[in-house]
Amino acid sequence: MRDTVIRTLTELGKKDRNIELVTGDLGFGVLKNFWETLPDQFVNAGIAEQNMTGMAAGMALEGKKVFTYSIGNFPTLRCLEQIRNDCAYHNANVNIICVGGGYVYGSLGMSHHATEDIAVLRALPGVTVICPGDPKEAELAVKKIADTDGTCYLRLGRGGEKTINANLKEFTIGKAYKLRDAKNLPVKTAVFSTGAILEETQKACDMLEESGIGVEQYSFPTVKPIDKEVIRDCADRFDYIFTIEEHNIVAGFGSAVAEVMAECGGKAKLRRIGIDDFYCVEVGSQAYLREQVGINAEGITKKIKEVVA
(Lines give C-alpha, C1' and ligand atoms only; values in the text may rest on other atoms or scores of the structure.)
Protein backbone atom coordinates (compact mmCIF):
# COMPACT_ATOMS: atom_id res chain seq x y z
CA MET A 1 0.00 0.00 0.00
CA ARG A 2 2.76 2.48 0.90
CA ASP A 3 4.65 1.76 -2.32
CA THR A 4 1.49 2.46 -4.30
CA VAL A 5 0.96 5.75 -2.50
CA ILE A 6 4.51 7.02 -3.04
CA ARG A 7 4.54 5.89 -6.66
CA THR A 8 1.27 7.73 -7.24
CA LEU A 9 2.54 10.80 -5.39
CA THR A 10 5.67 10.83 -7.56
CA GLU A 11 3.59 10.87 -10.73
CA LEU A 12 1.41 13.65 -9.35
CA GLY A 13 4.48 15.64 -8.33
CA LYS A 14 5.84 15.58 -11.86
CA LYS A 15 2.71 17.35 -13.04
CA ASP A 16 2.26 19.67 -10.07
CA ARG A 17 5.38 21.39 -8.73
CA ASN A 18 3.45 22.58 -5.68
CA ILE A 19 3.38 19.04 -4.28
CA GLU A 20 5.95 18.61 -1.51
CA LEU A 21 6.87 15.49 0.48
CA VAL A 22 8.39 15.87 3.94
CA THR A 23 9.69 12.86 5.88
CA GLY A 24 10.62 12.54 9.51
CA ASP A 25 13.88 10.72 8.73
CA LEU A 26 12.08 7.51 7.77
CA GLY A 27 11.03 5.51 4.73
CA PHE A 28 14.12 5.98 2.59
CA GLY A 29 13.77 2.63 0.85
CA VAL A 30 10.27 3.62 -0.20
CA LEU A 31 10.89 7.33 -0.83
CA LYS A 32 14.11 6.99 -2.84
CA ASN A 33 12.44 7.25 -6.24
CA PHE A 34 10.54 10.38 -5.18
CA TRP A 35 13.59 12.33 -3.99
CA GLU A 36 15.69 11.23 -6.96
CA THR A 37 12.94 12.22 -9.40
CA LEU A 38 11.82 15.39 -7.60
CA PRO A 39 14.71 16.51 -5.37
CA ASP A 40 13.41 20.08 -5.12
CA GLN A 41 10.06 18.82 -3.78
CA PHE A 42 11.46 16.63 -1.01
CA VAL A 43 12.60 17.56 2.52
CA ASN A 44 13.98 15.39 5.31
CA ALA A 45 12.97 17.20 8.49
CA GLY A 46 14.90 14.78 10.69
CA ILE A 47 13.59 13.05 13.79
CA ALA A 48 11.55 16.10 14.72
CA GLU A 49 7.92 15.44 13.89
CA GLN A 50 6.62 18.56 15.64
CA ASN A 51 8.95 20.71 13.55
CA MET A 52 8.07 18.71 10.44
CA THR A 53 4.37 19.42 10.91
CA GLY A 54 4.84 23.12 11.72
CA MET A 55 7.05 23.52 8.67
CA ALA A 56 4.49 21.70 6.51
CA ALA A 57 1.79 24.10 7.69
CA GLY A 58 3.93 27.09 6.78
CA MET A 59 4.65 25.67 3.34
CA ALA A 60 0.96 24.99 2.81
CA LEU A 61 0.00 28.54 3.76
CA GLU A 62 2.41 29.70 1.05
CA GLY A 63 0.53 27.67 -1.58
CA LYS A 64 2.17 24.24 -1.42
CA LYS A 65 0.34 20.90 -1.25
CA VAL A 66 2.30 19.17 1.48
CA PHE A 67 2.44 15.48 2.43
CA THR A 68 4.19 14.52 5.66
CA TYR A 69 5.38 10.94 6.07
CA SER A 70 6.28 8.79 9.05
CA ILE A 71 5.32 5.52 10.75
CA GLY A 72 2.91 4.56 13.50
CA ASN A 73 2.15 7.27 16.02
CA PHE A 74 5.06 9.52 15.07
CA PRO A 75 3.30 11.78 12.50
CA THR A 76 0.12 11.95 14.59
CA LEU A 77 0.19 11.60 18.37
CA ARG A 78 3.74 12.91 18.76
CA CYS A 79 2.84 16.16 17.00
CA LEU A 80 -0.86 16.44 17.78
CA GLU A 81 -0.62 20.04 18.98
CA GLN A 82 0.98 21.12 15.71
CA ILE A 83 -1.66 19.29 13.67
CA ARG A 84 -4.37 20.99 15.70
CA ASN A 85 -3.00 24.52 16.00
CA ASP A 86 -0.93 24.90 12.83
CA CYS A 87 -2.78 22.73 10.30
CA ALA A 88 -6.42 22.15 11.22
CA TYR A 89 -7.08 25.59 12.73
CA HIS A 90 -5.78 27.30 9.58
CA ASN A 91 -7.32 24.73 7.22
CA ALA A 92 -3.83 24.28 5.83
CA ASN A 93 -3.37 21.94 2.89
CA VAL A 94 -1.34 19.35 4.82
CA ASN A 95 -1.84 15.64 4.23
CA ILE A 96 -0.47 13.47 7.03
CA ILE A 97 0.61 10.00 5.89
CA CYS A 98 0.87 7.37 8.60
CA VAL A 99 2.41 4.08 7.51
CA GLY A 100 1.65 1.27 9.91
CA GLY A 101 -1.91 1.68 11.11
CA GLY A 102 -2.82 -0.83 13.81
CA TYR A 103 -0.28 -3.58 14.53
CA VAL A 104 1.88 -3.31 11.41
CA TYR A 105 4.98 -2.62 13.52
CA GLY A 106 3.95 -5.06 16.23
CA SER A 107 7.43 -6.52 16.52
CA LEU A 108 8.66 -3.14 17.81
CA GLY A 109 6.26 -3.10 20.74
CA MET A 110 3.42 -0.95 22.01
CA SER A 111 5.13 2.39 21.30
CA HIS A 112 4.79 1.60 17.58
CA HIS A 113 1.15 0.43 17.70
CA ALA A 114 -1.14 2.96 16.01
CA THR A 115 -4.38 2.04 17.75
CA GLU A 116 -5.88 5.36 18.88
CA ASP A 117 -5.05 7.54 15.88
CA ILE A 118 -8.43 7.40 14.11
CA ALA A 119 -10.21 8.48 17.29
CA VAL A 120 -7.84 11.37 17.95
CA LEU A 121 -7.63 12.72 14.41
CA ARG A 122 -11.35 12.51 13.67
CA ALA A 123 -12.00 14.61 16.78
CA LEU A 124 -10.20 17.58 15.20
CA PRO A 125 -12.62 19.94 13.41
CA GLY A 126 -12.16 20.07 9.67
CA VAL A 127 -9.73 17.14 9.45
CA THR A 128 -10.60 14.48 6.87
CA VAL A 129 -9.73 10.92 7.95
CA ILE A 130 -9.07 8.38 5.21
CA CYS A 131 -8.11 4.74 5.86
CA PRO A 132 -7.82 2.85 2.56
CA GLY A 133 -8.49 -0.85 2.67
CA ASP A 134 -6.27 -1.91 -0.21
CA PRO A 135 -3.74 -0.52 -2.72
CA LYS A 136 -6.45 0.50 -5.20
CA GLU A 137 -8.31 2.59 -2.64
CA ALA A 138 -4.98 4.08 -1.53
CA GLU A 139 -3.95 5.06 -5.04
CA LEU A 140 -7.21 6.80 -5.83
CA ALA A 141 -7.38 8.42 -2.39
CA VAL A 142 -3.98 10.09 -2.88
CA LYS A 143 -5.08 11.49 -6.22
CA LYS A 144 -8.22 12.88 -4.62
CA ILE A 145 -6.66 14.48 -1.55
CA ALA A 146 -3.85 16.01 -3.61
CA ASP A 147 -6.56 17.97 -5.36
CA THR A 148 -8.60 18.76 -2.23
CA ASP A 149 -7.96 21.70 0.09
CA GLY A 150 -7.65 21.31 3.85
CA THR A 151 -5.97 19.00 6.35
CA CYS A 152 -6.24 15.26 5.77
CA TYR A 153 -5.06 12.17 7.62
CA LEU A 154 -4.17 9.20 5.40
CA ARG A 155 -3.76 5.99 7.40
CA LEU A 156 -2.03 3.16 5.55
CA GLY A 157 -1.00 -0.41 6.16
CA ARG A 158 2.58 -1.19 5.23
CA GLY A 159 3.02 -3.29 2.12
CA GLY A 160 1.91 -6.47 0.44
CA GLU A 161 -1.81 -5.93 0.99
CA LYS A 162 -4.06 -7.77 -1.41
CA THR A 163 -6.17 -5.73 -3.83
CA ILE A 164 -9.82 -6.31 -2.87
CA ASN A 165 -11.68 -3.35 -4.36
CA ALA A 166 -10.21 -3.87 -7.82
CA ASN A 167 -13.23 -2.49 -9.70
CA LEU A 168 -13.03 0.91 -8.05
CA LYS A 169 -12.60 3.58 -10.74
CA GLU A 170 -13.01 6.83 -8.83
CA PHE A 171 -12.57 7.76 -5.19
CA THR A 172 -15.13 10.00 -3.51
CA ILE A 173 -14.32 11.38 -0.07
CA GLY A 174 -17.09 10.33 2.32
CA LYS A 175 -18.32 7.36 0.30
CA ALA A 176 -18.42 3.69 1.30
CA TYR A 177 -18.11 0.97 -1.33
CA LYS A 178 -20.15 -2.22 -1.51
CA LEU A 179 -18.02 -5.31 -2.07
CA ARG A 180 -20.70 -8.02 -1.95
CA ASP A 181 -24.45 -8.49 -1.68
CA ALA A 182 -26.08 -10.76 0.84
CA LYS A 183 -26.95 -13.97 -0.98
CA ASN A 184 -30.24 -15.85 -0.75
CA LEU A 185 -29.43 -17.16 2.72
CA PRO A 186 -31.73 -17.33 5.77
CA VAL A 187 -29.58 -15.07 7.98
CA LYS A 188 -28.38 -11.73 6.65
CA THR A 189 -26.14 -9.10 8.18
CA ALA A 190 -24.10 -6.08 7.11
CA VAL A 191 -20.35 -5.94 7.71
CA PHE A 192 -18.41 -2.66 7.55
CA SER A 193 -14.63 -2.32 7.75
CA THR A 194 -12.08 0.44 7.45
CA GLY A 195 -8.38 0.26 6.71
CA ALA A 196 -6.09 -2.64 5.91
CA ILE A 197 -8.13 -5.07 8.03
CA LEU A 198 -10.19 -5.35 4.83
CA GLU A 199 -8.36 -8.49 3.72
CA GLU A 200 -9.15 -10.32 6.98
CA THR A 201 -12.72 -9.04 6.79
CA GLN A 202 -13.05 -10.36 3.24
CA LYS A 203 -11.90 -13.82 4.37
CA ALA A 204 -14.29 -13.72 7.31
CA CYS A 205 -17.22 -12.85 5.03
CA ASP A 206 -16.32 -15.80 2.80
CA MET A 207 -16.37 -18.06 5.86
CA LEU A 208 -19.69 -16.65 7.04
CA GLU A 209 -21.30 -17.30 3.66
CA GLU A 210 -20.01 -20.86 3.69
CA SER A 211 -21.72 -21.35 7.06
CA GLY A 212 -25.06 -20.02 5.78
CA ILE A 213 -24.90 -16.36 6.84
CA GLY A 214 -25.56 -13.86 4.08
CA VAL A 215 -23.28 -10.83 4.21
CA GLU A 216 -23.57 -7.42 2.60
CA GLN A 217 -20.01 -6.15 2.86
CA TYR A 218 -18.80 -2.56 2.64
CA SER A 219 -15.40 -0.95 2.72
CA PHE A 220 -15.33 2.48 4.39
CA PRO A 221 -12.06 4.09 3.26
CA THR A 222 -13.33 7.41 4.63
CA VAL A 223 -14.06 7.56 8.34
CA LYS A 224 -14.63 11.32 8.41
CA PRO A 225 -16.83 12.45 6.78
CA ILE A 226 -18.56 9.08 7.03
CA ASP A 227 -21.14 7.72 4.59
CA LYS A 228 -24.33 8.29 6.56
CA GLU A 229 -26.54 7.20 3.68
CA VAL A 230 -25.12 3.67 3.58
CA ILE A 231 -25.31 3.36 7.36
CA ARG A 232 -28.94 4.49 7.48
CA ASP A 233 -29.91 2.18 4.63
CA CYS A 234 -28.30 -0.86 6.26
CA ALA A 235 -29.78 0.06 9.66
CA ASP A 236 -33.22 -0.11 8.06
CA ARG A 237 -32.65 -3.38 6.18
CA PHE A 238 -30.59 -5.58 8.50
CA ASP A 239 -30.92 -6.96 12.00
CA TYR A 240 -27.20 -6.54 12.70
CA ILE A 241 -24.37 -4.30 11.56
CA PHE A 242 -20.81 -5.28 12.47
CA THR A 243 -17.90 -2.87 12.26
CA ILE A 244 -14.35 -4.18 11.91
CA GLU A 245 -11.26 -2.10 12.66
CA GLU A 246 -7.63 -2.58 13.66
CA HIS A 247 -8.01 0.13 16.27
CA ASN A 248 -9.40 0.66 19.74
CA ILE A 249 -13.19 0.34 19.62
CA VAL A 250 -13.49 3.46 21.81
CA ALA A 251 -14.10 6.51 19.58
CA GLY A 252 -12.86 4.75 16.46
CA PHE A 253 -14.62 3.66 13.28
CA GLY A 254 -17.31 1.67 15.08
CA SER A 255 -18.07 4.66 17.26
CA ALA A 256 -18.41 6.86 14.18
CA VAL A 257 -21.00 4.40 12.83
CA ALA A 258 -22.73 4.30 16.24
CA GLU A 259 -23.08 8.08 16.24
CA VAL A 260 -25.01 7.94 12.97
CA MET A 261 -27.17 5.01 14.03
CA ALA A 262 -28.05 6.68 17.34
CA GLU A 263 -29.71 9.52 15.43
CA CYS A 264 -31.19 7.75 12.41
CA GLY A 265 -33.28 5.02 14.03
CA GLY A 266 -33.58 1.77 12.11
CA LYS A 267 -33.89 -1.78 13.38
CA ALA A 268 -30.26 -2.93 13.26
CA LYS A 269 -28.22 -3.63 16.35
CA LEU A 270 -24.56 -2.62 16.19
CA ARG A 271 -21.64 -4.77 17.26
CA ARG A 272 -18.13 -3.31 17.15
CA ILE A 273 -15.19 -5.64 16.54
CA GLY A 274 -11.74 -4.25 17.21
CA ILE A 275 -9.29 -3.86 20.08
CA ASP A 276 -11.33 -3.94 23.28
CA ASP A 277 -9.87 -0.87 24.98
CA PHE A 278 -6.53 -2.27 26.13
CA TYR A 279 -2.88 -2.07 25.15
CA CYS A 280 -1.54 -5.30 23.76
CA VAL A 281 1.55 -6.29 25.75
CA GLU A 282 2.47 -9.06 23.34
CA VAL A 283 5.30 -8.53 20.85
CA GLY A 284 5.14 -10.15 17.44
CA SER A 285 4.10 -9.84 13.85
CA GLN A 286 0.91 -8.10 12.76
CA ALA A 287 -0.70 -11.45 11.98
CA TYR A 288 0.22 -12.78 15.43
CA LEU A 289 -1.18 -9.75 17.26
CA ARG A 290 -4.37 -9.76 15.21
CA GLU A 291 -4.88 -13.37 16.27
CA GLN A 292 -4.21 -12.52 19.92
CA VAL A 293 -6.91 -9.85 20.04
CA GLY A 294 -9.38 -11.71 17.81
CA ILE A 295 -9.39 -9.56 14.69
CA ASN A 296 -8.03 -12.05 12.22
CA ALA A 297 -10.48 -13.78 9.86
CA GLU A 298 -11.19 -16.62 12.27
CA GLY A 299 -11.68 -14.30 15.21
CA ILE A 300 -14.01 -12.00 13.29
CA THR A 301 -16.04 -14.97 12.07
CA LYS A 302 -16.35 -16.41 15.55
CA LYS A 303 -17.54 -13.13 17.05
CA ILE A 304 -20.17 -12.58 14.37
CA LYS A 305 -21.46 -16.15 14.64
CA GLU A 306 -21.80 -15.83 18.41
CA VAL A 307 -24.16 -12.90 17.92
CA VAL A 308 -26.29 -14.06 15.00
CA ALA A 309 -26.45 -17.77 15.85
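Me: Which residue of β6 does Val 129 stand opposite?
Reply: The model is a predicted one. Strands β5 (residues 128-130) and β6 (residues 152-156) run parallel and are joined by three bridges. Within β6, the residue opposite Val 129 is Tyr 153.

Me: Which are the edge strands of the open sheet of seven strands?
Reply: This sheet has mixed pairing and the order β2-β1-β3-β4-β6-β5-β10. Its neighbouring strands are turned against each other by 20 degrees on average, direction ignored. The strands that pair on one side only, and so form the edges, are β2 (42-44) and β10 (222-224).

Me: Does Arg 122 count as buried or exposed?
Reply: Arg 122 belongs to helix α5 (residues 117-122). Leaving aside neighbours within four places in sequence, Arg 122 is in contact with Val 129, Val 223, Lys 224, Ala 251, Gly 252, Ser 255, Ala 256 and Glu 259. Because its relative accessibility is 15%, and the limit is under 20%, Arg 122 counts as buried.

Me: Which residue in β9 is the bridge partner of Arg 180?
Reply: Another open sheet, of five strands, has the order β7-β9-β8-β11-β12 with mixed pairing. In it β7 (177-180) and β12 (269-275) each have a single partner strand, so one side of each is left without a neighbour in the sheet. β7 pairs with β9 (residues 213-219) in the antiparallel sense over three bridges. The partner of Arg 180 in β9 is Gln 217.

Me: What angle does the direction of helix α11 make with that of β11?
Reply: Helix α11 (residues 297-308) packs on the five-stranded sheet, where the strands touched are β8 (187-193), β9, β11 (240-248) and β12. Relative to the direction of β11, that of α11 makes an angle of about 150 degrees.

Me: How many residues of the contact of α8 with α9 are nonpolar?
Reply: The crossing of the two helices, α8 and α9, is right-handed. On the α8 side the contact is made by Lys 228, Ile 231, Arg 232 and Ala 235, and on the α9 side by Val 257, Val 260, Met 261 and Cys 264. Two of these residues are charged and none is polar, while the nonpolar ones number six.

Conventions: Residues numbered from 1 in each chain as written. Predicted model: local features only at pLDDT ≥ 70, side-chain atom pairs only at ≥ 80, totals over all residues. Heavy atoms only, no water. Left-handed = near helix turned anticlockwise from the far one by under 90°. Helix = DSSP H or I, 4+ residues; strand = E, 2+ residues; numbered from the N terminus. Contact = heavy atoms within 4.5 Å. Nonpolar A, V, L, I, M, F, W, Y, C, P; charged D, E, K, R; others polar. Pairing = 2+ DSSP bridges. Axes fitted to C-alpha atoms, helices over the stretch in contact; angles between N-to-C directions. Buried < 20%, exposed > 50% of the residue type's maximum accessible area, 1.4 Å probe, protein only.
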